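This report describes a protein model, its domains, its ligand shell and selected strands and loops. The sequence and structure are shown first.

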Amino acid sequence: MNWLWESDAMVAAMRARPVGNLPEGVSGISIDTRTLQEGDAYFAIRGDRVDGHDYVSAAMKAGAALAVVAEEKLVALGGLNIPLLVVRDVLKAMELLASAARARSKARIVAVTGSVGKTTTKEMLRTVLAASGAVHASVASFNNHWGVPLTLARLPLEARFGVFEIGMNHPGEIRPLTKLVRPHVAVITNVAPVHLGAFDGVDGIARAKAEIFEGVVAGGYGLINHDDKRFRLLARLAGEAGIEHLVTFGRKRGSDFRLKASGEGENGAGFSAVLRGDAVSGQFHLPGDHLLDNLMAVLGVAHLTGANVEKSVAAAATIGAVKGRGQRHGLQNGRAKFTLIDESYNANPASMRAALLTLGQARTGSRGKRIAVLGDMLELGTASVKLHRELAEPIGEAGIDRVYTIGTEIAVLGAALDRKVFGGHFKTWQAAEKPLGESLRAGDVIMLKASNGLRFGDLVEAMTRNYSVKPD
Ligand SMILES: Nc1ncnc2c1ncn2[C@@H]1O[C@H](COP(=O)(O)OP(=O)(O)O)[C@@H](O)[C@H]1O
Ligand SMILES: [Mg+2]
């Protein structure tokens with residue numbers, strides 16, 4: 001059997017005290033009994049809402065091979081019929097196991113941070129690097145103080161590439177995570193006002209993102225966005241962090257990985273790029289200039305990690321949209337066919353702008369309109385009113401025909417819009433569902449975007465259910 005971890009190795013790495021009859025090894029790591037697979041080691045982590053120690057018997061029933069628990073909880077757990085690894089602190093033990101995974105790995109390790117596009121870029125990397133060898137990458141947005149060590153502890157010995165999303169809401173959060181991951185390549189997708197509440201302006205955000213450089217291995221790379229407003233600041237911070245090779249992706253002349261052109265081709269959109277002096281061209285089927293920016297970062301990583309560049313470029317054609325981040329659905333209201341763009345996953349000024357510009361380029365039917373349904377962007381602190389009002393700019397620039405707003409903070413936007421463009425404001429998505437549906441006409445393209453807290457995912461689900469295409 002090819003174990004992820006042999007029990008002995010776990011005991012040694014975590015300095016754990018074994019209790020009961022340990023299995024030879026475990027096939028995976030889990031911190032959630034709802035997704036636990038038979039043969040996994042269950043780590044009883046304390047989360048924001050629940051303590052994993054309350055679920056040890058559920059883990060046992062789900063088929064966990066062993067459980068990692070805290071010494072101080074042992075008495076309260078009582079007699080359990082599952083082998084245990086007892087440690088002082090379960091999260092700390094997972095970090096130690098993560099360190100051991102990193103130490104034994106021969107994979108090329110990539111860390112991705114940035115204000116927007118981390119998950120999208122990570123998923124694109126998963127697809128592109130897989131053309132060259134086995135890829136291990138973070139699940140969903142597992143990018144925080146438990147998500148990163150969990151992902152690293154799961155790194156299989158045979159992986160050729162490891163891709164780690166690293167996120168933050170506050171200064172100082174990225175530093176310990178990048179030091180755990182020790183990337184060969186650290187990518188910053190961009191810097192923008194997101195979670196502004198906790199920061200001293202956007203420069204403060206740039207400084208927090210630049211912490212990612214502090215964990216890069218000797219001789220490793222920093223890869224940053226040449227077109228970003230804070231490019232110079234990031235370059236300086238990379239130097240201060242001791243990055244030996246700073247490389248860039250973008251559209252600007254002089255970028256190491258440079259997008260030269262993109263456009264509609266016979267099979268979707270074609271692109272041409274220059275990767276460190278080598279001209280390449282390929283196909284890429286996702287709409288949106290921001291995704292092409294991410295693609296340049298991805299091809300840059302492929303180049304820097306020794307992936308096969310030709311295969312990487314070819315794999316770009318197979319990249320699909322990530323759920324809630326630009327997925328398109330063909331739907332039908334009576335006889336009227338329309339397109340829904342699902343951007344429900346999240347929203348901030350940068351991703352709103354990108355999504356609005358992408359909607360502006362979407363192809364409508366002959367009399368179709370481009371409609372944006374926008375909800376609150378949360379966590380913007382005192383800048384909230386201004387940043388919501390300023391959405392009028394990309395809306396105008398993109399030539400959006402109609403805008404509906406949903407929520408609270410975004411209520412200020414309506415007054416900043418042209419009277420012909422503003423369609424109305426609703427407090428909740430439930431209140432908007434019916435009027436929105438009734439306003440749709442043949443050929444329309446409707447894009448829904450808000451912070452996750454507005455639950456637009458539920459609105460998308462309701463609409464895709466109500467307006468699913470019926471066979472003729
Ligand atoms: N480079 C980019 N610039 C602007 N917006 C982007 C970029 N990449 C992705 N997005 C958009 O940002 C939103 C969040 O994307 P996601 O990849 O989940 O970011 P993160 O993981 O950083 O939160 C989505 O709407 C996505 O389409
Ligand atoms: Mg994410």
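Which residues come nearest to ligand 1? Of the 21 residues around ligand 1, these are Gly117, Lys118, Thr119, Thr120 and Ser351, where a residue is near a molecule if its C-beta atom, placed from the backbone, lies within 6 Å of it.

## Basis of the model

This is a predicted model, in which local features need pLDDT of at least 70 and side-chain atom pairs count only at pLDDT 80 or more, while totals for chains, interfaces and linings use all residues. Residues are numbered from 1 along each chain as its sequence is written, and chains are lettered from A and ligands numbered from 1 in the order in which they are written.

## Domains and the ligand shell

The domain assignment, whose bounds come from an automatic or database source, gives domain 1 (5–90), domain 2 (105–318) and domain 3 (327–466). The C-alpha centres of domain 2 and domain 3 are 28 Å apart. Between these two domains, 13 residues of domain 2 are in contact with 14 residues of domain 3, contact meaning that the C-beta atoms, placed from the backbone, lie within 7 Å. On the side of domain 2 that touches domain 3 there are 6 nonpolar, 6 polar and 1 charged residues; Ala, Val, Leu, Ile, Met, Phe, Trp, Tyr, Cys and Pro count as nonpolar, Asp, Glu, Lys and Arg as charged, and the others, Gly among them, as polar.

Ligand 1 lies between domain 2 and domain 3, because both give residues to its shell. That shell divides into 5 nonpolar, 12 polar and 4 charged residues. Its largest share, 4 residues, comes from α12. Helices (H or I, at least four residues) and strands (E, at least two) are DSSP runs, numbered from the N terminus.

A residue is buried if 20 or more other C-beta atoms lie within 10 Å of its own, exposed if 12 or fewer, and partly exposed in between, with C-beta atoms placed from the backbone. In a regular strand the side chains alternate between the two faces of the sheet.

Strands pair if DSSP finds at least two bridges between them. β11 pairs in the parallel sense with β8 (residues 108–113) over 4 bridges, and Thr113 stands opposite Ile188. Another 4 bridges join β11 to the parallel strand β12 (residues 221–225), where Leu223 is the bridge partner of Val187. From β11 the chain crosses through helix α8 (residues 201–209) to β12 in a right-handed β-α-β crossover; right-handed means that, with the strands pointing away from the viewer, the path from the first strand over the helix to the second runs clockwise.

## Strand β6 and its partners

In β6 (residues 66–70), 5 of 5 residues are buried. Leu66, Val68 and Ala70 point one way, and Ala67 and Val69 the other. β6 pairs in the parallel sense with β5 (residues 40–43) over 3 bridges, with Ala41 opposite Leu66. The chain passes from β5 through helix α2 (residues 56–61) to β6, again a right-handed crossover. On joining β7 (residues 84–87), β6 runs parallel over 4 bridges, and Ala67 stands opposite Leu84.

## Positive phi in two loops

Arg276 lies in the loop between β15 (268–275) and β16 (278–284), and its phi is near 45°, a positive value in a residue other than glycine. Arg276 counts as partly exposed because 13 C-beta neighbours lie inside 10 Å.

Arg455 is found in the loop between β22 (445–449) and α16 (456–466), with phi near 60°. With 17 other C-beta atoms within 10 Å, Arg455 is partly exposed.
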